[in-house]
Amino acid sequence: MHHIEQVYINGEFVTPHGTERFDLYNPATARVIGQVCLADAVDGERAIAAARAAFPAWSKTTKQVRIAALQRMHAAVAARHDDLLEAVVEEYGAPASRSAWMASYPAEVIAQAIAALEAFEFTTVAGAARVEMTPLGVAGLITPWNSDAGFICGKLAAALAAGCTAVIKPSEMSALQTQIVTEALHAADLPPGVFNIVTGRGDTVGETISRHPHVAKISFTGSTRTGKAILRNAAENFTRVTLELGGKSPTLILDDADIKQAVPLAIQAGLMNSGQACVAGTRILVPQSRKAEFEQALAQAIAAVVSGDPRDAKTVVGPMVSERQWQRVQGYIQKGLAEGARLLVGGVGRPEGTWDGWFVRPTLFTDVHNQMAIARDEIFGPVLCVITYRDEAEAIAIANDTDYGLSALVLGGDSGRARRVAQQIHAGRVLVNTLTHEPKAPFGGFKHSGVGREMGAWGISAFMEPKTILG
Ligand code: NAD
């Protein structure tokens, strides 16, 4: 059993004022594996005060001092790789395909911030003016459970690079990862108060941060619903926000696509992180003229996907993170059937051979139209829809007919044509015949998928305000 009893405020592990104990589960067994003592609003206030006191000195540090601090953070987080790997498997059942990336990404994203900071121009000239990029102040960083360690490190590295200090409210469901990252960051020996980490509930600590007049910036990753609440709270003090929210991403397969290349990419995009990924390509758009061919190939590929024990190397889809999430996925599969979609593979219930964990059957529906709930709502599980289109114009219209706009994938034989289609899709990131990630490029969403961008110079600028000096 894990017992996490302390939060991190002003450079020290301290017993929180909050007393609520929150159970931590292994989703592969549905058993309690530990407890975390949650911070409350008083702890949130203390953390904000510590970050506020640390801001004047940190905001005046040189680029070299910040780079050196980020390098120490990078080394300390990289040294905990194996512990993080164990935590992401134990705490949310990430299968081997995902857990390896999740354990290395936190250090990698700090390295990306170092590279971006090295190239960052804090002062530029605009006509007769000098423009100085000025850090905003205390940053509130709020992370989701599905990549907690990565988001803590990425957001914190960008905030510190900009000269901000931070209060981090990680997901209450990821306390094991948070503990490992906190210990690593403590070992990096930054000045007290420069970062503070208070694991607590969203409606207490999260609300305290997003409403607080001494918090100048919120960087949030999580659901669109919570993002709206944060945006409303932020309006009161004109708190700057970066919101990385949900998605319902299209995978648009053009009529000249090579089925052997397109199907594995479409499946990988849809089932990423067991379907619990903001960028998951859950709407698969196929040409009407090749419907039967694609239905058969996609169904065959999904039927072969192993859903089960995340520690088994063959597993592609691990358990859902919580019982609530398991119920949500079951509910959407039932909704799909009730709406008249045709089930090709999967369905409600657990996959064969699994019993106690929150395992689901990778599911593929066809005869889906874009107004059905399974095509509009972010399900956050391995439930994919095949939607047909008549021509390219209709394909683009369906791809764009969504509240979201985080990511999209276009697959086609003629890459020039596929890129032209990509230009017409309203999303923060469009991948053409690839699933590779470019951490130097801005990441973020259009429409209900968010506000602002992370990564690279865009990510650092998000924690700053330009100040124009004339004369
Ligand atoms: P969530 O919105 O339930 O919670 C995210 C965080 O917000 C948690 O730390 C939670 O405690 C906190 N929170 C909850 N209510 C709050 C409030 N009123 N004020 C302040 N904070 C509050 O999301 P989740 O279930 O943890 O994560 C899954 C969601 O995150 C999905 O919608 C997914 O698409 C999204 N996500 C987006 C990206 C992206 O980069 N766009 C990446 C990963 C996940």
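**The ligand and its surroundings**

Author: An oxygen atom of the ligand is 3.3 Å from a polar backbone atom of W145, a polar contact being a pair of N or O atoms within 3.5 Å (within protein, one must be able to donate a hydrogen and the other to accept it, and residues adjacent in sequence count only if both atoms are side-chain atoms). This is a predicted model, in which local features need pLDDT of at least 70, side-chain atom pairs count only at pLDDT 80 or more, and totals for chains, interfaces and linings use all residues. Residues are numbered from 1 along each chain as its sequence is written, and side-chain values use heavy atoms, with hydrogens and water left out.

Reader: How far is the polar side-chain atom of S223 from an oxygen atom of the ligand?

Author: The distance for S223 is 2.6 Å. For T143, a backbone N or O atom lies 2.7 Å from an oxygen atom of the ligand.

Reader: What share of the ligand's accessible area does the protein cover?

Author: The protein covers 87% of the 860 Å² that the ligand has on its own, by the Shrake-Rupley method with a 1.4 Å probe (for residues, only the protein chains shown count as cover).

Reader: Which element gives the most to the shell?

Author: Helix α7 does, with three residues; helices (H or I, at least four residues) and strands (E, at least two) are DSSP runs, numbered from the N terminus.

Reader: Where does the ligand lie relative to the domains?

Author: It lies between domain 1 (2-245 + 447-470) and domain 2 (250-432), because both give residues to the shell. Domain bounds come from an automatic or database domain assignment.

Reader: A new topic: in what sense do β18 and β19 pair?

Author: Strands β18 (residues 407-411) and β19 (residues 429-432) pair in the parallel sense, over four bridges; pairing requires at least two bridges found by DSSP. A408 stands opposite V430 in β19.
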